[in-house]
Amino acid sequence: MVRMNKQFMSALLIALSLITLSSCGKHEKPHFIYMPDMYWTKGLKYQQPGMKPPVPGTISRGYYPMPVAMTLEEAGKAYPNPLRATAAVLARGQHVFNNNCIVCHGPGGEGDGYIVPKYPRPPSLLSDKIRNYADGNIYHVITNGQNLMSSYAGQIRQEDRWAVIHYIRALQRAKKPTAADLKTVSN
Ligand code: HEC
(Lines give C-alpha, C1' and ligand atoms only; values in the text may rest on other atoms or scores of the structure.)
Protein backbone atom coordinates (compact mmCIF):
# COMPACT_ATOMS: atom_id res chain seq x y z
CA MET A 1 0.00 0.00 0.00
CA VAL A 2 2.79 2.37 1.01
CA ARG A 3 4.86 1.41 -2.06
CA MET A 4 1.91 1.94 -4.39
CA ASN A 5 1.50 5.37 -2.97
CA LYS A 6 5.18 6.15 -3.52
CA GLN A 7 5.02 5.02 -7.12
CA PHE A 8 1.92 7.00 -7.65
CA MET A 9 3.48 10.06 -6.07
CA SER A 10 6.59 9.91 -8.27
CA ALA A 11 4.47 9.41 -11.37
CA LEU A 12 2.44 12.41 -10.36
CA LEU A 13 5.56 14.49 -9.74
CA ILE A 14 6.96 13.62 -13.16
CA ALA A 15 3.66 14.43 -14.82
CA LEU A 16 3.42 17.74 -13.00
CA SER A 17 6.95 18.79 -13.86
CA LEU A 18 6.38 17.89 -17.52
CA ILE A 19 3.29 20.06 -17.58
CA THR A 20 5.13 22.89 -15.88
CA LEU A 21 8.14 22.64 -18.18
CA SER A 22 6.00 22.42 -21.30
CA SER A 23 4.52 25.81 -20.51
CA CYS A 24 7.98 27.42 -20.35
CA GLY A 25 9.57 29.15 -23.28
CA LYS A 26 8.28 31.55 -25.86
CA HIS A 27 5.08 30.59 -27.62
CA GLU A 28 4.95 32.28 -30.96
CA LYS A 29 2.13 30.00 -32.00
CA PRO A 30 0.25 28.38 -29.13
CA HIS A 31 -1.31 25.02 -29.98
CA PHE A 32 -4.56 25.89 -28.38
CA ILE A 33 -6.17 29.33 -28.24
CA TYR A 34 -8.78 29.56 -25.57
CA MET A 35 -10.66 32.68 -26.69
CA PRO A 36 -9.74 33.54 -30.26
CA ASP A 37 -11.62 36.86 -30.19
CA MET A 38 -9.43 38.04 -27.34
CA TYR A 39 -6.28 36.80 -29.07
CA TRP A 40 -7.02 38.36 -32.44
CA THR A 41 -8.99 41.42 -31.44
CA LYS A 42 -11.56 43.13 -33.64
CA GLY A 43 -9.18 46.05 -34.15
CA LEU A 44 -6.52 43.72 -35.52
CA LYS A 45 -8.97 42.00 -37.86
CA TYR A 46 -9.96 45.29 -39.45
CA GLN A 47 -6.42 46.67 -39.61
CA GLN A 48 -4.48 44.20 -41.74
CA PRO A 49 -0.92 44.80 -42.98
CA GLY A 50 -0.87 46.44 -46.38
CA MET A 51 -4.11 48.34 -45.84
CA LYS A 52 -4.25 52.02 -46.67
CA PRO A 53 -3.81 53.95 -43.41
CA PRO A 54 -6.81 56.12 -42.47
CA VAL A 55 -6.58 59.86 -43.21
CA PRO A 56 -5.14 61.66 -40.16
CA GLY A 57 -7.91 62.80 -37.83
CA THR A 58 -10.28 60.01 -38.95
CA ILE A 59 -12.83 59.00 -36.32
CA SER A 60 -15.48 56.33 -36.49
CA ARG A 61 -19.09 57.17 -37.19
CA GLY A 62 -21.08 58.48 -34.22
CA TYR A 63 -17.92 58.85 -32.12
CA TYR A 64 -17.20 62.15 -30.41
CA PRO A 65 -13.72 61.82 -28.93
CA MET A 66 -13.04 63.79 -25.79
CA PRO A 67 -9.35 64.26 -24.94
CA VAL A 68 -8.60 62.87 -21.49
CA ALA A 69 -7.10 66.14 -20.33
CA MET A 70 -10.06 68.25 -21.47
CA THR A 71 -11.51 70.22 -18.57
CA LEU A 72 -15.19 70.62 -17.77
CA GLU A 73 -15.08 74.26 -18.95
CA GLU A 74 -13.43 73.34 -22.25
CA ALA A 75 -15.95 70.55 -22.86
CA GLY A 76 -18.80 73.00 -22.35
CA LYS A 77 -17.47 75.19 -25.13
CA ALA A 78 -16.28 72.45 -27.48
CA TYR A 79 -19.29 70.14 -27.49
CA PRO A 80 -22.75 71.27 -28.45
CA ASN A 81 -25.39 68.55 -28.19
CA PRO A 82 -25.32 66.75 -31.57
CA LEU A 83 -28.88 65.43 -31.10
CA ARG A 84 -32.12 67.34 -31.56
CA ALA A 85 -34.59 66.99 -28.73
CA THR A 86 -37.14 64.97 -30.69
CA ALA A 87 -39.76 62.86 -28.94
CA ALA A 88 -37.72 59.72 -29.71
CA VAL A 89 -34.52 61.23 -28.27
CA LEU A 90 -36.34 62.34 -25.10
CA ALA A 91 -37.88 58.88 -24.69
CA ARG A 92 -34.44 57.35 -25.06
CA GLY A 93 -33.02 59.87 -22.58
CA GLN A 94 -35.72 58.97 -20.07
CA HIS A 95 -34.91 55.27 -20.50
CA VAL A 96 -31.19 55.94 -19.94
CA PHE A 97 -31.91 58.16 -16.91
CA ASN A 98 -34.26 55.64 -15.32
CA ASN A 99 -31.75 52.85 -15.82
CA ASN A 100 -28.58 54.62 -14.80
CA CYS A 101 -29.07 57.86 -12.90
CA ILE A 102 -32.37 57.51 -11.02
CA VAL A 103 -30.94 55.38 -8.18
CA CYS A 104 -28.91 58.33 -6.95
CA HIS A 105 -30.39 61.42 -8.58
CA GLY A 106 -34.04 60.45 -8.01
CA PRO A 107 -36.98 60.27 -10.44
CA GLY A 108 -37.17 64.05 -10.83
CA GLY A 109 -33.42 64.72 -10.61
CA GLU A 110 -33.64 66.27 -7.14
CA GLY A 111 -31.05 64.00 -5.53
CA ASP A 112 -33.54 61.77 -3.69
CA GLY A 113 -32.72 58.41 -5.27
CA TYR A 114 -33.50 55.08 -3.58
CA ILE A 115 -29.86 54.62 -2.58
CA VAL A 116 -29.87 57.85 -0.49
CA PRO A 117 -29.04 58.19 2.41
CA LYS A 118 -26.98 54.98 2.43
CA TYR A 119 -25.08 56.72 -0.35
CA PRO A 120 -24.40 60.46 0.08
CA ARG A 121 -27.13 62.60 -1.42
CA PRO A 122 -26.08 63.98 -4.81
CA PRO A 123 -26.76 67.64 -5.62
CA SER A 124 -29.97 68.44 -7.48
CA LEU A 125 -29.81 68.41 -11.26
CA LEU A 126 -32.44 71.16 -11.22
CA SER A 127 -30.10 73.69 -9.57
CA ASP A 128 -29.23 76.97 -11.25
CA LYS A 129 -25.71 75.64 -11.54
CA ILE A 130 -26.77 72.77 -13.79
CA ARG A 131 -29.41 74.87 -15.56
CA ASN A 132 -26.61 77.22 -16.54
CA TYR A 133 -24.29 74.38 -17.53
CA ALA A 134 -23.85 73.91 -21.26
CA ASP A 135 -24.76 70.42 -22.48
CA GLY A 136 -21.01 69.78 -22.95
CA ASN A 137 -20.43 70.42 -19.23
CA ILE A 138 -22.94 67.73 -18.27
CA TYR A 139 -21.48 65.46 -20.94
CA HIS A 140 -18.10 65.90 -19.26
CA VAL A 141 -19.52 64.86 -15.85
CA ILE A 142 -21.18 61.74 -17.29
CA THR A 143 -18.06 60.85 -19.28
CA ASN A 144 -15.40 61.50 -16.66
CA GLY A 145 -17.31 61.46 -13.40
CA GLN A 146 -16.96 64.12 -10.72
CA ASN A 147 -15.68 63.53 -7.18
CA LEU A 148 -17.95 60.81 -5.71
CA MET A 149 -19.72 60.11 -8.98
CA SER A 150 -17.77 57.74 -11.16
CA SER A 151 -17.51 57.81 -14.94
CA TYR A 152 -20.41 56.35 -16.93
CA ALA A 153 -18.43 56.23 -20.17
CA GLY A 154 -18.19 52.45 -19.94
CA GLN A 155 -21.90 51.88 -19.45
CA ILE A 156 -23.55 54.58 -21.54
CA ARG A 157 -22.95 55.03 -25.27
CA GLN A 158 -22.06 58.54 -26.38
CA GLU A 159 -25.40 59.13 -28.14
CA ASP A 160 -27.25 57.99 -25.05
CA ARG A 161 -25.27 60.46 -22.93
CA TRP A 162 -26.47 63.31 -25.15
CA ALA A 163 -30.03 61.96 -25.05
CA VAL A 164 -30.06 61.82 -21.24
CA ILE A 165 -28.90 65.46 -21.17
CA HIS A 166 -32.00 66.43 -23.20
CA TYR A 167 -34.09 64.51 -20.67
CA ILE A 168 -32.44 66.38 -17.75
CA ARG A 169 -33.37 69.63 -19.54
CA ALA A 170 -36.97 68.40 -19.71
CA LEU A 171 -36.91 67.68 -15.94
CA GLN A 172 -35.54 71.18 -15.32
CA ARG A 173 -38.27 72.79 -17.45
CA ALA A 174 -40.95 70.70 -15.78
CA LYS A 175 -39.84 72.01 -12.39
CA LYS A 176 -39.37 75.62 -13.43
CA PRO A 177 -40.98 76.29 -16.80
CA THR A 178 -39.64 79.19 -18.85
CA ALA A 179 -41.94 81.75 -20.46
CA ALA A 180 -41.56 79.89 -23.74
CA ASP A 181 -42.66 76.62 -22.10
CA LEU A 182 -45.80 78.32 -20.83
CA LYS A 183 -46.83 79.69 -24.19
CA THR A 184 -50.07 78.05 -25.15
CA VAL A 185 -50.33 76.57 -28.58
CA SER A 186 -53.07 78.39 -30.41
CA ASN A 187 -54.68 76.92 -33.43
C1 HEC B 1 -24.00 56.14 -7.66
C2 HEC B 1 -24.74 57.36 -7.60
C3 HEC B 1 -24.82 58.20 -8.86
C4 HEC B 1 -25.25 57.81 -10.11
C5 HEC B 1 -25.74 56.45 -10.54
C6 HEC B 1 -25.16 58.98 -10.94
N7 HEC B 1 -24.69 60.04 -10.22
FE8 HEC B 1 -24.44 61.93 -10.88
N9 HEC B 1 -23.68 62.46 -9.10
C10 HEC B 1 -23.60 61.67 -7.98
C11 HEC B 1 -22.98 62.40 -6.90
C12 HEC B 1 -22.72 61.89 -5.50
C13 HEC B 1 -22.65 63.67 -7.42
C14 HEC B 1 -21.93 64.80 -6.71
C15 HEC B 1 -20.46 64.64 -7.00
C16 HEC B 1 -19.67 65.74 -6.36
O17 HEC B 1 -19.55 65.74 -5.13
O18 HEC B 1 -19.15 66.59 -7.09
C19 HEC B 1 -23.12 63.67 -8.80
C20 HEC B 1 -23.03 64.76 -9.63
C21 HEC B 1 -23.61 64.86 -10.88
C22 HEC B 1 -23.64 66.05 -11.70
C23 HEC B 1 -23.03 67.40 -11.30
C24 HEC B 1 -23.92 68.08 -10.30
C25 HEC B 1 -23.32 69.32 -9.70
O26 HEC B 1 -24.07 70.13 -9.14
O27 HEC B 1 -22.09 69.47 -9.78
C28 HEC B 1 -24.31 65.74 -12.84
C29 HEC B 1 -24.62 66.67 -14.01
C30 HEC B 1 -24.69 64.35 -12.75
N31 HEC B 1 -24.25 63.84 -11.54
C32 HEC B 1 -25.38 63.65 -13.71
C33 HEC B 1 -25.62 62.29 -13.66
C34 HEC B 1 -26.22 61.54 -14.74
C35 HEC B 1 -26.74 62.14 -16.03
C36 HEC B 1 -26.24 60.24 -14.34
C37 HEC B 1 -26.71 59.05 -15.11
C38 HEC B 1 -26.08 58.86 -16.39
C39 HEC B 1 -25.65 60.17 -13.02
N40 HEC B 1 -25.28 61.43 -12.65
C41 HEC B 1 -25.51 59.01 -12.28
C42 HEC B 1 -24.03 60.37 -7.89
C43 HEC B 1 -24.47 59.59 -8.94
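Gln146 is in contact (heavy atoms within 4.5 Å) with Leu72, Lys129, Tyr133 and Val141, leaving aside its neighbours within four places in sequence. This is a predicted model, in which local features need pLDDT of at least 70, side-chain atom pairs count only at pLDDT 80 or more, and totals for chains, interfaces and linings use all residues. Residues are numbered from 1 along each chain as its sequence is written, and side-chain values use heavy atoms, with hydrogens and water left out.

Gln146 lies in the loop between H8 and H9; helices (H or I, at least four residues) and strands (E, at least two) are DSSP runs, numbered from the N terminus. Leu72 stands 74 residues from Gln146 along the chain, and their C-alpha atoms are separated by 9.8 Å. Gln146 counts as partly exposed because its relative accessibility is 33%, where buried means under 20% relative accessible area, exposed over 50%, and partly exposed in between (1.4 Å probe, protein chains only).

The structure also holds 3 aromatic pairs. Rings of Phe, Tyr and Trp (its six-membered ring) pair if their centres lie within 6.5 Å; planes under 30 degrees apart count as stacked, over 60 as edge-to-face and the rest as tilted. Two of the pairs are tabulated here.

| Aromatic pair | Type | Centre to centre | Between the planes |
|---|---|---|---|
| Phe97 and Tyr167 | tilted | 5.6 Å | 55° |
| Tyr139 and Trp162 | stacked | 4.1 Å | 5° |

Tyr139 belongs to helix H8 (residues 135–144) and Trp162 to helix H9, 23 residues apart. Tyr139 is buried, with a relative accessible area of 0%, and Trp162 is likewise buried at 0%. Together with Tyr79, Tyr139 and Trp162 form one aromatic cluster. Phe97 and Tyr167 are both buried.
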